[in-house]
Amino acid sequence: MEQPAPPLAVIAAALRRERDRAGISLAELARRAGLAKSTLSQLEAGSGNPSIETLWALGVALGVPFSRLVEPEPTRVRVIRAGEGTTRLRADRADFVATLLATGSPHTRRDLYLMELEPGEAREAEAHIPGTVEHIVVGAGRIRTGPVEEPIEVGPGDYVSFPGDVPHRYEALEPSWAMLVMEHR
């Protein structure tokens, strides 16, 4: 699965905007997210190659959905062709790619992702912001997903929903893709 570079300028601007909104210093945000200050400084400067885990940690530390850090300003009509997507991010340790397709408005608070997963190491996800619920529909393949303590196996056409504000996992049992709706309550 080829991955284009993440939209670094969008991420840099969003990090500065959200850090300013929260009224915290670079050092404080780095501490809260468990990152080196130099790493965060590079990201705010538009360099580096942030993983999904890094951006989730920053979103949790800032109290904002992941999508607020990676989504460009919306246009009136938007089409994303299969295999494209402006925000394709890869996990650090698992063969897992998530493509953000759409974010919710501040009133709907939901984000839509296309997930591509390959067998191998599972993607272990930290808890997201409080009240997050994940909804997944598998398009092809088989995955084991859900809270770390009670993952469930799902296949093509299956739907599963679980709290995203607890540690959870995604594990491909075969090459798979699925749609994920992240709901922020």
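**Briefing: helix α4, a cavity and a pocket**

α4 and β4 (123–125) each supply at least two residues of the lining of the second largest pocket. This is a predicted model. Helix α4 also gives at least two residues to the lining of the largest cavity.

**Helix α4**
- The helix spans residues 52–62 and is mostly covered, with 9 of its 11 residues buried.
- Ile52, Glu53, Thr54, Leu55 and Trp56 are among the buried residues, as are Leu58, Gly59, Ala61 and Leu62.

**Second largest pocket**
- Its volume is about 190 Å³.
- α4 provides the largest share of the lining, 4 residues.
- Glu53, Trp56, Ala57 and Val60 belong to this lining.
- Arg93, Arg123, Glu124, Ala125, Glu126, Ala127 and His128 line the pocket too.
- The lining counts 5 nonpolar, 1 polar and 5 charged residues.

**Largest cavity**
- The whole structure holds 1 cavity of 30 Å³ or more.
- Besides α4, the strands β2 (96–103), β3 (110–117) and β10 (176–184) each supply at least two lining residues.
- Ile52, Trp56, Phe66, Phe96, Ala98 and Tyr113 are among the residues lining this cavity.
- Met115, Arg123, His128, Tyr170, Leu180 and Met182 also line the cavity.
- By class, the cavity lining has 10 nonpolar, 1 polar and 1 charged residues.

- Trp56 is a buried residue of α4.

Note on methods. Residues are numbered from 1 along each chain as its sequence is written. This is a predicted model: local features need pLDDT of at least 70, side-chain atom pairs count only at pLDDT 80 or more; totals for chains, interfaces and linings use all residues. Side-chain values use heavy atoms; hydrogens and water are left out. Buried means under 20% relative accessible area, exposed over 50%, partly exposed in between (1.4 Å probe, protein chains only). On a 1 Å grid over the protein atoms alone, a cavity is a set of points where a 1.4 Å probe fits but cannot get out, and a pocket is an open set with protein on both sides within 12 Å along at least five of seven lines; lining residues have an atom within 4 Å of a point. Grid points are joined across faces, edges and corners, and a volume is the space filled by probe spheres set on the points. Ala, Val, Leu, Ile, Met, Phe, Trp, Tyr, Cys and Pro count as nonpolar, Asp, Glu, Lys and Arg as charged, and the others, Gly among them, as polar.
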